[in-house]
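I opened the notebook to look up how this chain is put together.

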Amino acid sequence: MGQLVAIVGRPNVGKSTLFNRLTESRSAIVDENAGTTRDRQYGKVNWNGRDFSIVDTGGWVVNSDDIFESEINKQVELAIEQADVILFVVDAMIGVTDLDDHVAKILRRASKPVILVANKVDSNDWVYNIPEFYKLGLGEPYPVSAINGYGTGDLLDEVVKDLPENKDNEENLDQIPKFAIVGRPNAGKSSLINALIGEDRNIVTDIAGTTRDSIYTKYDKYGFDFYLVDTAGIRKKTKVNENIEYYSVIRSIRAIEASDVCILMIDATRGIEGQDQNIFSLIQKNKKGLVVCVNKWDLVENKSQEAIKFFEKAIRDRFAPFTDFPIIFGSALTKQRIFKVLETAVKVYENRKRIIPTHKLNTVLQEDITAYPPPANKGKYVKIKYITMLKGAAVPTFIFFCNLPQWVKEPYRRYLENKIREHWDFHGTPINVFMREK
């Protein structure tokens, strides 16, 4: 199970810049105007072998003219509630403000590890302002500069130290497939779960307390044997009843990280929306297997093959460049093809665990490499000498040993991935292609 870190603070203290720095991306929009961040941003961070999810929140404001103020504040509260560690960002150039005091008061009641981050220490002159932040009562401030990266290494060391251990309480959880049913609100997740486990509940065993907010439900009906990763253990608080979209993504982060294969539910009556892409992006960042279930197909009038092909193309176009995943059209309400969804998820899990013998890899792929070798760069030719598959990896991982790995660019890596998928069945699962010097 992964962990979640939330970045909070008042507007214009550099939360989004820090998010971009830690995730090594430019996902969050950065602007000098307050209130730029309204939609949440989610990313993955890897530090010294530890992976965790991070969420960027909007700036906390009170008594402003911004019509989004109350919604932003609710979402900040929710992030605080769900996070394992909280980064409270303040501005070292300005010092403590009334809004900082207000946020600090909330965080002191949170009973969560809080790391005070004094941002915008872009030069040594601003270090002398740091002691002022001790008055917030949240411990030692960490001076950083999100712009140039100063202090972020020490900050990440502290974050990793405060994160809970990433382990499951049940020894056999790693031995049985774990499938998460995810999607935006009203896509039919609950209906699918009810259709699967609503009858003959004597075959269902709940493992209570396995994680803080995900429940593993064992399903061993009709020859299947796997865990459904459900987030029903999280009770929706009254104060967040208007934040269903945001709450759904927070829950999805937990469910996705706890799973091997994700069943992404899409509402056939509404088509593909931004939230579907957000959740798909989370699945991709976490390198999980994928099965897309287009639910409520019974409500669609035009069920012709042309309509199905059009819908499939629209989904793959929106989710490109990863397009090698199964799409199933069904209905949780009428139970149309719901067991096909499970069969396909099991197949994707098997593909995820597939190991190709080294001699087969070299025999088959060397012919493709000979037919289309890596492009020369500055008169230097790349020679791929040996190929192997990493055993025991969570994601199918292929290592190509060559003389000049730094010259192999992304287009050729994608060519190699396509050839691997062409020769062997890795339908529904991402794969890693690495070049190493031989």
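How do α1 and α4 lie to each other, roughly parallel or roughly perpendicular?

**Entry 1: ground rules.** This is a predicted model, where local features need pLDDT of at least 70, side-chain atom pairs count only at pLDDT 80 or more, and totals for chains, interfaces and linings use all residues. Residues are numbered from 1 along each chain as its sequence is written, and side-chain values use heavy atoms, with hydrogens and water left out.

**Entry 2: α1 and α4.** I took up the opening question. The axes of α1 and helix α4 (residues 152-162) come within 12 Å and cross at roughly 80°. Axes here are lines fitted to C-alpha atoms, for helices over the stretch in contact, with angles from 0 to 180 degrees between N-to-C directions. So α1 and α4 are roughly perpendicular to each other. The angle classes are: under 35 degrees roughly parallel, over 145 roughly antiparallel, 65 to 115 roughly perpendicular, the rest oblique. I then listed who meets whom. Leu18, Arg21 and Leu22 of α1 meet Thr152, Leu155 and Leu156 of α4. Contact means heavy atoms within 4.5 Å. By class, this contact has 4 nonpolar, 1 polar and 1 charged residues. Ala, Val, Leu, Ile, Met, Phe, Trp, Tyr, Cys and Pro count as nonpolar, Asp, Glu, Lys and Arg as charged, and the others, Gly among them, as polar.

**Entry 3: α5 and α9.** I looked at another helix pair. The axes of helix α5 (residues 189-197) and helix α9 (residues 338-352) come within 10 Å and cross at roughly 90°. That makes α5 roughly perpendicular to α9. On the α5 side I found Leu192, Ala195 and Leu196; on the α9 side, Ile338, Phe339 and Leu342. The contact of α5 with α9 has 6 nonpolar, no polar and no charged residues.

**Entry 4: whole chain.** I counted 11 helices and 16 strands in the protein chain. Helices (H or I, at least four residues) and strands (E, at least two) are DSSP runs, numbered from the N terminus. Of the 438 residues, 52% are buried. Buried means under 20% relative accessible area, exposed over 50%, partly exposed in between (1.4 Å probe, protein chains only). Among contacts between residues at least 6 apart in sequence, 71% join residues at least 24 apart.

**Entry 5: cores.** Which residues have the most contacts inside the largest nonpolar core? They are Phe88 and Ile315, in a core of 55 residues. A nonpolar core is a set of buried Ala, Val, Leu, Ile, Met, Phe, Trp, Tyr and Cys residues joined through side-chain atoms within 4.5 Å. Apart from this core lies another, of 27 residues, including Ile181, Tyr219, Cys293 and Ile338. Nonpolar side chains tend to be buried together in soluble globular proteins. I also listed the neighbours of Phe88. Leaving out residues up to four places away in sequence, Phe88 touches Val8, Asp100, Val103 and Leu138, among others.

**Entry 6: cysteines.** How many disulfides does the structure hold? I found 0 disulfides, a disulfide being a pair of cysteine sulfur atoms within 2.5 Å. Cys293 is buried at 4% relative accessible area. Cys402 is buried too, at 0%.

Entry 7: Most residues other than glycine have a negative phi, and most peptide bonds are trans. Asn12 has a positive phi, near 65°. Asn12 sits in the loop between β1 (4-8) and α1 (15-23), and is partly exposed at 34%. Lys378 also has a positive phi, of about 55°. Lys378 lies in the loop between α10 (358-371) and β14 (384-390), and is exposed at 73%. The bond from Ala320 to Pro321 is cis, with omega near 10°. Pro321 is in the loop between α8 (305-319) and β13 (327-329).

**Entry 8: two buried loop residues.** Ile356 lies in the loop between α9 and α10. Ile356 is buried at 5%. Beyond its neighbours within four places in sequence, Ile356 is in contact with Leu361, Met389, Trp424 and Phe426. Ile431 is in the loop between α11 (410-423) and β16 (432-437), and is buried at 6%.
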